[in-house]
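Here is a short tour of one chain, written to be read with the model open beside it.

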Amino acid sequence: MCMLGRLPLWKLGHYFLAQVTGSIFGSSIVYILYFQSIHAYELQVNLADRHKLAEETAAIFITRPAVHVTLSVAMLDQVFTTSLIVFAVLFIIDQRCFKTPFALQAFIIGGAIVSVGAGTGFNCGAILNPGTFRFLGYL
């Protein structure tokens, strides 16, 4: 938003702090919602293998590559799909290019996120983590 002139540069620190605080708050809510499921799963697996438990339950909080995907392909996948969503959002909200009614912008952006996530989510999962979109504010 700063690069597009929609956010003054002096507000960038406040914006960044709000994004980080929001992602921590959102992760806390997700942990509270999944608390019982995580601990029920803990009882089913060997508690001595904490690393395996952390790996298997990490998908609740983060996008991570599937077992058949290498790290370089996973990075390319995340950069490509995030770029698709960034360009879709910029296209939808740009009134000079495409005059999308303001009342419909949220629904169209949601549809773009769902379609990109469903179409490209096989390798690393859907990129719907709000913490992933923190850099969107720096545009």
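The report below goes from the overall fold to the helices and then to a few individual residues.

**The chain as a whole**

Please keep in mind that this is a predicted model. The chain holds four helices and zero strands, giving the pattern α-α-α-α when read along the sequence. It has 139 residues, and 22% of them count as buried.

Helix H1 covers residues 12–44, which makes 33 residues. Its first and last C-alpha atoms are 46 Å apart, close to the 48 Å expected at 1.5 Å a residue. Even so, H1 bends by about 55 degrees, and the bend falls at Tyr 34. The buried residues of this helix are Ser 23, Ile 38 and Glu 42.

Tyr 34 also belongs to a nonpolar surface patch of about 500 Å², together with Phe 25, Ile 29, Leu 33 and Ile 60. Leu 33 sits in helix H1. This leucine counts as exposed because its relative accessibility is 65%, over the 50% cut-off.

How does the span of H3 compare with what 1.5 Å a residue should give? Its 23 residues should span 33 Å, and the end C-alpha atoms are 33 Å apart, so the two values agree. H3 runs over residues 71–93. Its buried residues are Ala 74, Asp 77, Gln 78, Thr 81, Thr 82, Ile 85, Val 86, Val 89 and Ile 92. H4 is included in what covers them.

Leaving out residues up to four places away in sequence, Gln 105 touches Ile 92, Ile 93, Gln 95 and Thr 100. Its relative accessible area is 10%, and so Gln 105 is buried.

**The salt bridge**

Which residues form a salt bridge, and how far apart are their closest N and O atoms? The pair is Asp 94 and Arg 96, with 3.3 Å between those atoms. A search of the whole structure finds one salt bridge. In general, side chains of opposite charge can pair when their charged atoms come close. The two partners fall into separate accessibility classes: Asp 94 is buried because its relative accessible area is 18%, whereas Arg 96, at 75%, is exposed.

**A loop residue**

His 68 lies in the loop between helix H2 (50–57) and helix H3. Apart from its neighbours within four places in sequence, His 68 is in contact with Phe 122 and Asn 123. His 68 and Asn 123 are 55 residues apart along the chain, yet their C-alpha atoms are separated by 8.1 Å. Is His 68 buried, exposed or partly exposed? At 47% relative accessibility it counts as partly exposed, since that class covers values between the 20% and 50% cut-offs.

**Accessibility side by side**

The table gathers the accessibility values of the residues discussed above.

| Residue | Relative accessibility | Class |
|---|---|---|
| Gln 105 | 10% | buried |
| Asp 94 | 18% | buried |
| His 68 | 47% | partly exposed |
| Leu 33 | 65% | exposed |
| Arg 96 | 75% | exposed |

Note on methods
Residues numbered from 1 in each chain as written. Predicted model: local features only at pLDDT ≥ 70, side-chain atom pairs only at ≥ 80, totals over all residues. Heavy atoms only, no water. Helix = DSSP H or I, 4+ residues; strand = E, 2+ residues; numbered from the N terminus. Expected span 1.5 Å × (residues − 1). Bend = angle between axes of the 7 residues up to and from the residue. Buried < 20%, exposed > 50% of the residue type's maximum accessible area, 1.4 Å probe, protein only. Contact = heavy atoms within 4.5 Å. Patch = residues over 30% accessible without salt bridge, like charges linked within 9 Å, V, L, I, M, F, W, Y side chains within 5 Å. Areas by Shrake-Rupley, 256 points an atom, 1.4 Å probe, with all protein chains shown as cover. Salt bridge = Lys/Arg side-chain N within 4 Å of Asp/Glu carboxyl O.
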